[in-house]
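Reader: Before I rely on any of the labels attached to this protein, I would like to go through them one at a time. Please show me the structure and begin with its contacts.

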Amino acid sequence: SLVVPSEPEIVPSADLFEHWIADRKLREYCHDKTSRSGGTASHEGLMWELMGSQFEEDGRTKIPALLGFDQDRIVQEAERFLGKKPGLLLSPETQQEAAPVQEAVPALGPQLDLTQAESFFEELSATTEQKKKEELEREEKKKQEEALGLIANSAPSKDTDWSAGPEALIKQSLLVGNLTAAVECCFKSGRMAEALLLASGGGTTLWTRARDEYLRLQGDSFLSTVGNIMTNDFSKLVANSNLANWMETLAIIATYSGGEYQALCEQLAGRLETEKFDIRSAVICYICAKNFPKT
């Protein structure tokens, strides 16, 4: 039954609401409320805009932008940092232009024979007398130029000696096809990039374990979040998220969580309500969960 307001000051607003309902323009009503609240910069305006998005077919895709994570802006900032459009840096064409002409390197994996593996490591280490002689000549020339003030000190050589210490173990493990041992030696010696590189050629199981070990060793909250996204463990992500950054969490689950989205919004709202006592923020999450009785 229709409820007639008893307070005269809210009658116009109630009549306007009834008009919107009659015309089935709930989305437009919410957008109108957003404008009257000062836009999405205000908490109330953001709440109404998110409410309006519930009545749009693609409303969920707009949530990250409404929370301040604009995709176009982020891409532009990434392009400024990279000096080129994201996606071009790792494109095959770019890598071919940047890489010097050389013989093809054999693919990593247990199928490598000893000759191929030895060739791979020979390119990484200066072990022959000729290379040592050339290196000494270059160092001597550089010292002479520095003494004359012709050049500034440059970074040290990045060549690695793979014939001794943990590096030798990594090399030998690869030579016999034991990628698991090679990856573990890399982690033990702090060579995380090499560990991930080798693991990428050892199948899904080894790659997954190496990835998880890398995330564990980093001990970084954001990388833990990335790990939860990669493993689709969104319930754990929400449970361990920093409630001070609840908008980031909401944006992540809106972008990645698929069919779990509403339940995860409910979970996040519950944490905000019971742990942080932030009712205003919890209401926004309840709206996204379509739990309107809680709003």
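Author: Among the contacts in the protein with a separation of 6 or more, 45% are accounted for by residues 24 or more positions apart. Please keep in mind that this is a predicted model.

Reader: What does the secondary structure come to, and how many residues count as buried, as a percentage of the protein?

Author: The secondary structure comes to 17 helices and zero strands, and of the 295 residues of the protein, 29% count as buried.

Reader: What makes cysteine 30 buried?

Author: The relative accessible area of cysteine 30 is 3%, and buried means under 20%, so cysteine 30 is called buried. The term is also applied in helix H9, residues 165–175, where Glu167, Ala168, Ile170, Lys171, Ser173, Leu174 and Leu175 are buried; H9 is followed by glycine 177, whose phi is positive, near 80°.

Reader: How do you know that cysteine 185 is in no disulfide?

Author: The nearest cysteine sulfur, that of cysteine 186, is 7.2 Å away, whereas a disulfide requires a pair of cysteine sulfur atoms within 2.5 Å, and therefore cysteine 185 is in no disulfide. The structure as a whole holds zero disulfides.

Reader: Why are helices H2 and H3 called roughly antiparallel?

Author: The axes of H2 (residues 26–36) and H3 (residues 43–53) come within 8 Å and cross at roughly 165°. Angles over 145 degrees count as roughly antiparallel, so H2 is roughly antiparallel to H3. The crossing in which H2 passes H3 is left-handed.

Reader: Which residues meet there, and what are they by class?

Author: From H2 come Arg27, Tyr29, Cys30, His31, Lys33 and Thr34, which meet Gly45, Trp48, Glu49, Met51 and Gly52 of H3; by class, this contact has four nonpolar, four polar and three charged residues.

Reader: Why are H16 and H17 described as roughly antiparallel to each other?

Author: Helix H16 (residues 261–274) and helix H17 (residues 279–288) pack at an angle of about 170°, with their axes 8 Å apart; since roughly antiparallel begins over 145 degrees, H16 and H17 are therefore roughly antiparallel to each other. On the H16 side the contact is made by Tyr261, Gln262, Cys265, Glu266, Leu268, Ala269, Gly270, Leu272 and Glu273, and on the H17 side by Ile279, Ser281, Ala282, Cys285, Tyr286 and Cys288. By class, the contact of H16 with H17 has 10 nonpolar, three polar and two charged residues, and H16 passes H17 in a left-handed crossing.

Note on methods. Residues are numbered from 1 along each chain as its sequence is written. This is a predicted model: local features need pLDDT of at least 70, side-chain atom pairs count only at pLDDT 80 or more; totals for chains, interfaces and linings use all residues. Side-chain values use heavy atoms; hydrogens and water are left out. Axes are lines fitted to C-alpha atoms, for helices over the stretch in contact, and angles run from 0 to 180 degrees between N-to-C directions. Helices (H or I, at least four residues) and strands (E, at least two) are DSSP runs, numbered from the N terminus. Angles under 35 degrees count as roughly parallel, over 145 as roughly antiparallel, 65 to 115 as roughly perpendicular and the rest as oblique. A crossing is left-handed if the near helix is turned anticlockwise from the far one by less than a right angle, and right-handed if clockwise. Contact means heavy atoms within 4.5 Å. Ala, Val, Leu, Ile, Met, Phe, Trp, Tyr, Cys and Pro count as nonpolar, Asp, Glu, Lys and Arg as charged, and the others, Gly among them, as polar. Buried means under 20% relative accessible area, exposed over 50%, partly exposed in between (1.4 Å probe, protein chains only).
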